[in-house]
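Biologist: I would like to learn how to read a protein model. Can you take me through one?

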Amino acid sequence: MGTGSAAELAGKVAVVTGASRGLGKAIATLFAAEGARVVLIDLKPHWAQAAAADIGHDAIGLGADVSDRAAITAALDAAARECGRIDVLVNNAMWNSYDLIPDITPEIFNRMTGVGLGGIVWGIQAALPHMQSGGSIINIGSMAGRLGSAGALLYAAVKAGVDGLTRSASVELGARGIRVNAIAPSTVATEGVMAILSPEQLERRISQTPMARLGTADDIAQTALWLAGARSGFVTGQSLAVDGGIGHTLQR
Ligand SMILES: NC(=O)c1ccc[n+]([C@@H]2O[C@H](COP(=O)([O-])OP(=O)(O)OC[C@H]3O[C@@H](n4cnc5c(N)ncnc54)[C@H](O)[C@@H]3O)[C@@H](O)[C@H]2O)c1
């Protein structure tokens, strides 16, 4: 449990996309430990169900491709039918390909924007009918949306877009009492990242970071917990860097 004596998300229903592994699974695990009924969504139902079984606490796993508006809508409707409503939506799913500019194809462009931006737009749209005042939407952005890096043109564009849509959604939904925030992690050694970055690149990232380590999935999950619950009740439209200070460094 967190800093409070009671479970912070007791009685809440929380949906996490891309939740069968990595940051999504860590967030779902912490939310369940803090009393939430958690619904995990991932591309394949059996991936989401296996993660839900690991988590326990009555967690549910559903299959949906978040870039498919009809599929994510059906999944969120099913989650609300089963759990009564949705209090927290974490838009975490992402498909990523690092390509230098000449190698970017229309297929890569469409998939990255479709999952990384479309998935959030359709997710918010589908969750809203099931959310009440007090609801919290958390979009997982990235420090890559604020800093430049070769091969990350599309990823940076998508993640900068996440910050932008977060601000506008917070303005549109504020009067309904629904908060919308983003988290911008620096590197966390999840399966997804280790498939892309070599051990040498991870070491370089550590040496560039003022706090001299990578982020952990728990660093991100604890921040998501704070944004999900009442302790951050007047915080909306923010993109919170969880980055060990790397966003403020100038290498020399
Ligand atoms: N790990 C990092 O260093 C890091 C840093 C900054 C931001 N992020 C962001 O955090 C989030 C999670 O990252 P991760 O490292 O845990 O990723 P990961 O690749 O380990 O896991 C992503 C999950 O999303 C699922 N997914 C992919 N496409 C989907 C789709 N269309 N519909 C539903 N599910 C889908 C995958 O199956 C997988 O389970 C992503 O948005 C990523 O961009 C990660």
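Modeller: We will go from the whole chain to its helix pairs, and then to the ligand. Keep in mind that this model is predicted.

Biologist: How many helices and strands are in the chain?

Modeller: The chain has eight helices and seven strands. Its radius of gyration is 17 Å, close to the 18 Å that the globule rule gives for 252 residues, so the chain is as compact as a globular protein of that length.

Biologist: What does the C-alpha trace span along its principal axes?

Modeller: The span is about 50 × 40 × 35 Å.

Biologist: Now the helices. How do I describe a packed pair?

Modeller: Two numbers describe two packed helices: the angle between their axes and the distance between those axes.

Biologist: Which residues of H1 and H8 make the contact?

Modeller: H1 brings Gly22, Leu23, Ala26, Ile27, Leu30 and Phe31. H8 brings Ala217, Asp218, Ile220, Ala221, Ala224, Leu225 and Ala228. By class, that contact has eleven nonpolar residues, one polar and one charged.

Biologist: What about H3 and H4?

Modeller: Helix H3 covers residues 69-83. H3 and H4 pack at about 40°, with their axes 9 Å apart. That angle makes H3 oblique to H4. This crossing, too, is right-handed.

Biologist: Which residues meet between H3 and H4?

Modeller: On H3, they are Arg69, Ile72, Thr73 and Leu76. On H4, they are Gly119, Trp122, Gly123, Ala126 and Ala127. The classes here are five nonpolar, three polar and one charged.

Biologist: H4 also meets H5. At what angle do H4 and H5 cross?

Modeller: The angle is roughly 15°, and the axes come within 10 Å. H5 runs over residues 153-173. Angles under 35 degrees count as roughly parallel. H4 and H5 are therefore roughly parallel to each other. H4 passes H5 in a right-handed crossing.

Biologist: Which residues of H4 and H5 meet?

Modeller: From H4 come Ile108, Phe109, Met112, Thr113, Gly116, Leu117, Ile120 and Ile124. From H5 come Leu154, Tyr155, Val158, Gly161, Val162, Leu165 and Ala169. This contact has twelve nonpolar residues, three polar and no charged.

Biologist: Last, the ligand. Which residues around the ligand come nearest?

Modeller: Look for Gly18, Gly22, Met94, Thr190 and Gly192, the nearest of the 27 residues around the ligand. Gly22 is also part of the contact of H1 with H8.

Biologist: Which helices each supply at least two residues of the shell?

Modeller: They are H1 (22-33), H4 (106-127) and H6 (191-194).

Biologist: How do the shell residues divide by class?

Modeller: Eleven are nonpolar, twelve are polar and four are charged.

Notes:
Residues are numbered from 1 along each chain as its sequence is written. This is a predicted model: local features need pLDDT of at least 70, side-chain atom pairs count only at pLDDT 80 or more; totals for chains, interfaces and linings use all residues. A residue is near a molecule or strand if its C-beta atom, placed from the backbone, lies within 6 Å of it. Helices (H or I, at least four residues) and strands (E, at least two) are DSSP runs, numbered from the N terminus. Ala, Val, Leu, Ile, Met, Phe, Trp, Tyr, Cys and Pro count as nonpolar, Asp, Glu, Lys and Arg as charged, and the others, Gly among them, as polar. Two residues are in contact if their C-beta atoms, placed from the backbone, lie within 7 Å. Axes are lines fitted to C-alpha atoms, for helices over the stretch in contact, and angles run from 0 to 180 degrees between N-to-C directions. Angles under 35 degrees count as roughly parallel, over 145 as roughly antiparallel, 65 to 115 as roughly perpendicular and the rest as oblique. A crossing is left-handed if the near helix is turned anticlockwise from the far one by less than a right angle, and right-handed if clockwise. The radius of gyration is taken over C-alpha atoms; the globule rule is 2.2 Å times the number of residues to the power 0.38.
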